[in-house]
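Hi there,

Here is the structure I promised to pass on. Have a look at it first, and then read my notes below.

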Amino acid sequence: MHKLSFLPQFLKRYDRSSPDIQRAVKKVLTKLQNTDIGQGRTSLRLHRLTDVRPPLFKLDVFSNHSWQIVFRVRDDGGYEIVHLLTHKEADRYC
């Protein structure tokens, strides 16, 4: 199981989100916590951002891609949750 850490901007947006978004975020973060993204296929909808160093990943919260979580892999193998954004915001952010 990978340890998750959260940046303030993620927590602020999460707290302001509707209950249905919060439930979906919790569900997908639980899956992420139990997934080693470097070990092949996963049921998570991950998108690696190739032009960013250190690498960032976007994770779809819903299957319609309307909300995304931006995160990075920490040196200790944990995941740093950077932001919760709409798809349009995530495209501009990254």
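Predicted model: local features only at pLDDT ≥ 70, side-chain atom pairs only at ≥ 80, totals over all residues.

**What I found**

Leucine 49 is buried, at a relative accessible area of 13%. For that term, buried means under 20% relative accessible area, exposed means over 50%, and partly exposed is in between (1.4 Å probe, protein chains only). Leucine 49 sits in strand S2, residues 46–49. Helices (H or I, at least four residues) and strands (E, at least two) are DSSP runs, numbered from the N terminus.

Residues are numbered from 1 along each chain as its sequence is written, and side-chain values use heavy atoms, with hydrogens and water left out.

**The cores**

Which residues touch the most other members of the largest nonpolar core? They are Val25, Leu32, Ile69, Ile81 and Leu84, in a core of 20 residues. A nonpolar core here is a set of buried Ala, Val, Leu, Ile, Met, Phe, Trp, Tyr and Cys residues joined through side-chain atoms within 4.5 Å. Two or more residues of this core come from each of H1, H2, strand S3 (56–60), strand S4 (67–73) and strand S5 (79–86). H2 gives the largest share, six residues. There is also a second, separate core of six residues, and Leu49, Val82, Leu85 and Ala90 are among them. As background, nonpolar side chains tend to be buried together in soluble globular proteins.

Isoleucine 81 belongs to strand S5 and, at 0% relative accessibility, counts as buried. Beyond its neighbours within four places in sequence, isoleucine 81 is in contact (heavy atoms within 4.5 Å) with residues including Leu4, Phe6, Phe10, Leu29, Leu32 and Ile69. The C-alpha atoms of isoleucine 81 and phenylalanine 10 are separated by 6.9 Å, although these residues are 71 apart along the chain. With residues up to four places away in sequence not counted, leucine 84 touches Phe10, Tyr14, Val25, Trp67 and Ile69, among others.

**The two helices**

Helix H1 (residues 8–16) and helix H2 (residues 19–33) have axes that come within 9 Å and cross at roughly 135 degrees. Axes are lines fitted to C-alpha atoms, for helices over the stretch in contact, and angles run from 0 to 180 degrees between N-to-C directions. H1 and H2 are therefore oblique to each other; angles under 35 degrees count as roughly parallel, over 145 as roughly antiparallel, 65 to 115 as roughly perpendicular and the rest as oblique. On the H1 side, Phe10, Tyr14 and Asp15 meet Gln22, Val25, Lys26 and Leu29 of H2.

**Aromatic rings**

How many aromatic pairs does the structure hold? It holds four. Rings of Phe, Tyr and Trp (its six-membered ring) pair if their centres lie within 6.5 Å; planes under 30 degrees apart count as stacked, over 60 as edge-to-face and the rest as tilted. Phenylalanine 6 and phenylalanine 10 have ring centres 5.4 Å apart and planes at 25 degrees, so this pair is stacked. Phenylalanine 6 is partly exposed at 35% relative accessibility, whereas phenylalanine 10 is buried at 2%. Phenylalanine 71 and tyrosine 79 make an edge-to-face pair, 5.5 Å centre to centre with 75 degrees between the planes, and both of these residues are buried. Ring pairs also link Phe6, Phe10 and Tyr14 into a cluster.

**A few other spots**

Histidine 65 lies in the loop between S3 and S4. Its phi is positive, about 65 degrees, although histidine 65 is not a glycine. Valine 73, in strand S4, is partly exposed at 38% relative accessibility and touches Ile37, Phe57, Gly78 and Tyr79, not counting residues up to four places away in sequence.

Methionine 1 comes in the segment before strand S1 (4–6) and is exposed, with a relative accessible area of 77%. The C-alpha atoms of methionine 1 and glutamine 33 are separated by 5.7 Å, with the two residues 32 apart along the chain.

Best wishes
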